[in-house]
Amino acid sequence: MEALLLILQQLIGSLLQLAGLLVLAMALLGLCGIAHEGGHLVAGLLSGYRFASFRIFSWVWAKEDGKIKFSYSPNRAVAGQCLMLPPQDEAEFRFVFYNYGGGLANWLLALLSFLGWLAAGAGWFAIAWVFSAFLNGYL
């Protein structure tokens, strides 16, 4: 009977750890999306583009009548989106940096996550850093 209780405790502990990892994965995926779209935003602004809208899941910030307005717009097809208006003198290839801004931001966050893993040592916190580095490097 004691052996059965011990196995049950270990099983419950493992299921709780798995649930914790799933919650962590969802949070990190959201962070990756914010970093990615934020990278497009920063690169676009540095390239002379003007802000139009920024979406993370169903939350949207859009410029209307010179003001940035927040709205909630459910759309399962879009996890993130950063829309920018190009400058009038689009003779140069500024769009390349704007397009690569998202990936560059993810790689930067991956590097920071890897450095966080090195600093954290062992444990769940270290695993979170490694998972974040993997997600950002993959995206």
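The points below move from the overall layout to the strands, the core, the loops and the surface.

The model is predicted. The protein holds three helices and four strands, and from the N terminus on the elements follow the order α-β-β-β-β-α-α. Buried residues account for 29% of the 139 residues.

**Overall figures**

- The protein exposes about 9600 Å², of which carbon and sulfur atoms supply 72%.
- Of the contacts between residues at least 6 apart in sequence, 58% join residues at least 24 apart.

**Strand pairing**

- β1 and strand β2 (residues 59-64) pair in the antiparallel sense, over four bridges.
- Within this pairing, phenylalanine 54 stands opposite tryptophan 61 in β2.
- β2 is also joined to strand β3 (residues 67-72), through six bridges, and these two strands run antiparallel.
- Alanine 62 has lysine 69 in β3 as its bridge partner.

**The largest nonpolar core**

- Seven residues form the largest nonpolar core: Tyr49, Phe51, Phe54, Ile56, Cys82, Met84 and Tyr98.
- Both β1 (50-56) and β4 (80-85) supply at least two residues of this core.
- The strand that gives the most to this core is β1, with three residues.
- As a general rule, nonpolar side chains in soluble globular proteins tend to be buried together.
- Phenylalanine 54, a member of this core, has contacts beyond four places in sequence with Ile34, Glu37, Gly38, Leu41, Trp59, Val60, Trp61, Gln81 and Cys82.

**Serine 53 in strand β1**

- Serine 53 belongs to strand β1.
- Serine 53 counts as buried because its relative accessibility is 12%, and the cut-off for buried is under 20%.
- Beyond its neighbours within four places in sequence, serine 53 is in contact with Trp61, Ala62, Gln81, Cys82 and Leu83.
- Serine 53 and glutamate 64 are 11 residues apart along the chain, and their C-alpha atoms are separated by 9.3 Å.

- The hairpin of β1 and β2 has two residues between the strands.
- Phenylalanine 57 lies in the loop between β1 and β2 and has a positive phi of about 55° although it is not a glycine.
- Phenylalanine 57 counts as partly exposed because its relative accessibility is 40%.
- β2 and β3 likewise form a hairpin with two residues between them.
- Aspartate 65 is found in the loop between β2 and β3; this residue has a positive phi of about 55° and is not a glycine.
- Aspartate 65 is exposed because its relative accessible area is 76%, where exposed requires over 50%.
- For context, most residues other than glycine have a negative phi.

- Proline 87 lies in the loop between β4 and α2 (95-120).
- Proline 87 counts as buried because its relative accessibility is 11%.
- Apart from its neighbours within four places in sequence, proline 87 is in contact with Ser47, Gly48, Tyr49 and Arg94.
- One of these contacts, Tyr49, is also a member of the largest nonpolar core.
- The C-alpha atoms of proline 87 and serine 47 are separated by 8.4 Å, although the two residues are 40 residues apart along the chain.

**A nonpolar patch on the surface**

- Met1, Leu4, Leu5, Leu8, Leu11, Ile12, Leu15, Leu16, Leu18 and Leu22 form a nonpolar patch on the surface.
- Together, the residues of this patch have about 1100 Å² of accessible area.
- Leucine 16, one of the patch residues, is found in helix α1 (residues 2-46).
- Leucine 16 counts as exposed because its relative accessibility is 61%, and the cut-off for exposed is over 50%.

Note on methods:
Residues numbered from 1 in each chain as written. Predicted model: local features only at pLDDT ≥ 70, side-chain atom pairs only at ≥ 80, totals over all residues. Heavy atoms only, no water. Patch = residues over 30% accessible without salt bridge, like charges linked within 9 Å, V, L, I, M, F, W, Y side chains within 5 Å. Areas by Shrake-Rupley, 256 points an atom, 1.4 Å probe, with all protein chains shown as cover. Salt bridge = Lys/Arg side-chain N within 4 Å of Asp/Glu carboxyl O. Buried < 20%, exposed > 50% of the residue type's maximum accessible area, 1.4 Å probe, protein only. Core = buried A, V, L, I, M, F, W, Y, C linked by side-chain atoms within 4.5 Å. Contact = heavy atoms within 4.5 Å. Pairing = 2+ DSSP bridges.
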